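Colleague: I would like to learn how to read a few local features of a model. Could we go through some together?

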Amino acid sequence: MAEQEPEDRIELTSDTRDLLEENNLRPLWEVENTMGTVYDDLEAEIWKWDDIKQVIDNVEEDMPIEELPPGFQRRVAVPINTGMDNAISNTIYVGVQTVSPGETAPSHRHGANALRFTIDGHEDMKTVVAGEEFPMENNDLITTPQWEWHDHVNDSDETAMWLDVLDLPLVLDSLNASNVFENHELERQPVTKTQGYWDSQYGQARPPEASKSDGIPGPFEGIREPTPPHRFSWEETIQTLRQRADNNTPDPYDGYNMAYVNPTTGQPPLFPTMSFRAQLLQEETEAHFHNATEVYFVIEGEGATHVGGETLEWGQWDIFVIPPDEPHHHEPDGEEAILLGMTDRPVFEAFNFYAESAIDE
């Protein structure tokens with residue numbers, strides 16, 4: 001009798017399976033098998049946090065990390081767009097990952113660019129990247145560059161949750177290329193750097209290139225500067241964003257917003273394939289459209305985003321997507337709302353394909 005594949009031995013309860021189907025979510029170990037296929041047009045869609053949370057709580061109860069397939073030992077609920085079959089869009093992958101107290105999501109590395117945006121974290125919840133432990137506190141953004149070892153370690157007594165964002169669909173689906181992947185020989189990579197090391201190498205005082213031995217590894221070459229491991233603490237980010245609001249006028253389409261920059265260059269985009277920004281909305285924005293896809297995570301507040309003839313009403317920790325070429329604008333409910341904006345705009349700009357226009361009233 002032939003031995004079953006690890007994925008075939010996984011059995012979720014019927015309640016969890018029903019919740020996944022009702023809320024248009026799928027676990028990561030099922031999603032990865034459908035990568036590499038072209039799907040229908042992207043649709044404007046929203047995933048409500050209450051629904052996501054119910055699903056991930058059930059998945060956490062059903063499935064310890066150590067029982068998942070090797071290489072995919074990540075407990076992740078993945079929003080699936082109606083027009084897709086494996087991700088929120090054909091260029092950006094978003095998932096909500098959990099690690100229970102005492103668990104480790106084992107170390108691996110891959111060719112895809114990735115980041116973690118902490119939803120519910122703790123100073124004792126750490127993602128270890130390139131030998132350094134990065135604490136994952138609420139709203140921190142931590143980069144996982146190409147081909148860097150990374151594992152997630154929860155030494156706290158509370159379940160931690162965060163947003164995973166990768167360019168996997170761009171590589172596997174749109175470019176029909178392979179995602180180079182490798183598991184570490186150890187569950188946890190050795191911690192070889194003190195906390196703050198990577199940040200210290202990309203401040204205003206930098207080591208001379210001739211004496212710098214720590215580079216970004218990997219079998220990759222290109223014309224863009226690689227993205228280093230980096231933690232953007234929310235304390236610093238929100239202070240910068242509020243300084244912007246206190247001293248400048250808002251962008252008519254995106255409100256007060258600050259880009260997460262590549263620490264190597266001090267310029268956006270954060271990755272060659274994806275750009276990220278924190279947006280503070282204090283009033284309704286003007287309508288515009290562009291040919292890039294935008295995905296949003298609601299950090300704080302409530303409101304609505306009007307996309308074409310559809311209204312997506314959102315609250316804290318909801319996730320929604322705006323398809324290319326759809327007219328849209330934001331309308332916060334109350335004094336303000338804060339969003340994390342994600343876009344594949346750098347891909348279009350690299351080929352001089354990006355286009356944007358206001359909507360004539």
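**Reading backbone and packing**

Modeller: Asparagine 139 is found in the loop between β8 (132-136) and β9 (141-144). Helices (H or I, at least four residues) and strands (E, at least two) are DSSP runs, numbered from the N terminus. Residues are numbered from 1 along each chain as its sequence is written, and side-chain values use heavy atoms, with hydrogens and water left out. This is a predicted model, where local features need pLDDT of at least 70 and side-chain atom pairs count only at pLDDT 80 or more, while totals for chains, interfaces and linings use all residues.

Colleague: What is the phi of asparagine 139?

Modeller: Most residues other than glycine have a negative phi, and most peptide bonds are trans. Asparagine 139 has a positive phi of about 70°, although it is not a glycine.

Colleague: Is asparagine 139 buried or exposed?

Modeller: Buried means under 20% relative accessible area, exposed over 50%, and partly exposed in between (1.4 Å probe, protein chains only). Asparagine 139 has 10% relative accessibility, so it counts as buried.

Colleague: Where does asparagine 352 lie, and is it buried or exposed?

Modeller: Asparagine 352 lies in the loop between α7 (345-350) and β21 (356-358). Its phi is positive too, near 60°. With a relative accessible area of 69%, asparagine 352 is exposed. A further positive phi, near 55°, belongs to asparagine 24, which follows α1.

Colleague: Which peptide bond is cis?

Modeller: The bond from proline 268 to proline 269 is cis, with omega near 5°. Proline 269 sits in the loop between β14 (256-259) and β15 (275-281).

Colleague: How should I read a helix with a buried face, and which residues of α1 are buried?

Modeller: An α-helix has 3.6 residues a turn, so residues three or four places apart point the same way. In α1, the residues Thr16, Leu19 and Leu20 are buried. Seen down the axis of α1, its buried residues fall within an arc of 100° (taken from the directions from the helix axis to the C-beta atoms), so they line one face of the helix. Ser14, Asp15, Glu21 and Glu22, on the other side of α1, are exposed.

Colleague: What covers the buried residues of α1?

Modeller: The cover includes β1 (25-27) and α3.

Colleague: At what angle do α1 and α3 pack?

Modeller: Axes are lines fitted to C-alpha atoms, for helices over the stretch in contact, and angles run from 0 to 180 degrees between N-to-C directions. Helix α1 (residues 14-22) packs against helix α3 (residues 49-62) at about 150°, and their axes are 9 Å apart. That makes α1 roughly antiparallel to α3 (an angle over 145 degrees).

Colleague: Which residues of α1 and α3 meet?

Modeller: Contact means heavy atoms within 4.5 Å. From α1, Asp15, Thr16, Leu19 and Leu20 meet Gln54, Val55, Asn58, Val59 and Asp62 of α3.

Colleague: Where is glycine 71, and what does it touch?

Modeller: Glycine 71 is in the loop between α3 and β3 (75-79). It is buried, at a relative accessible area of 7%. Apart from neighbours within four places in sequence, glycine 71 is in contact with His108, Phe181 and Asn183. Glycine 71 and serine 107 are 36 residues apart in sequence, and their C-alpha atoms are 8.9 Å apart in space.

Terms used: Parallel < 35°, antiparallel > 145°, perpendicular 65-115°, else oblique.
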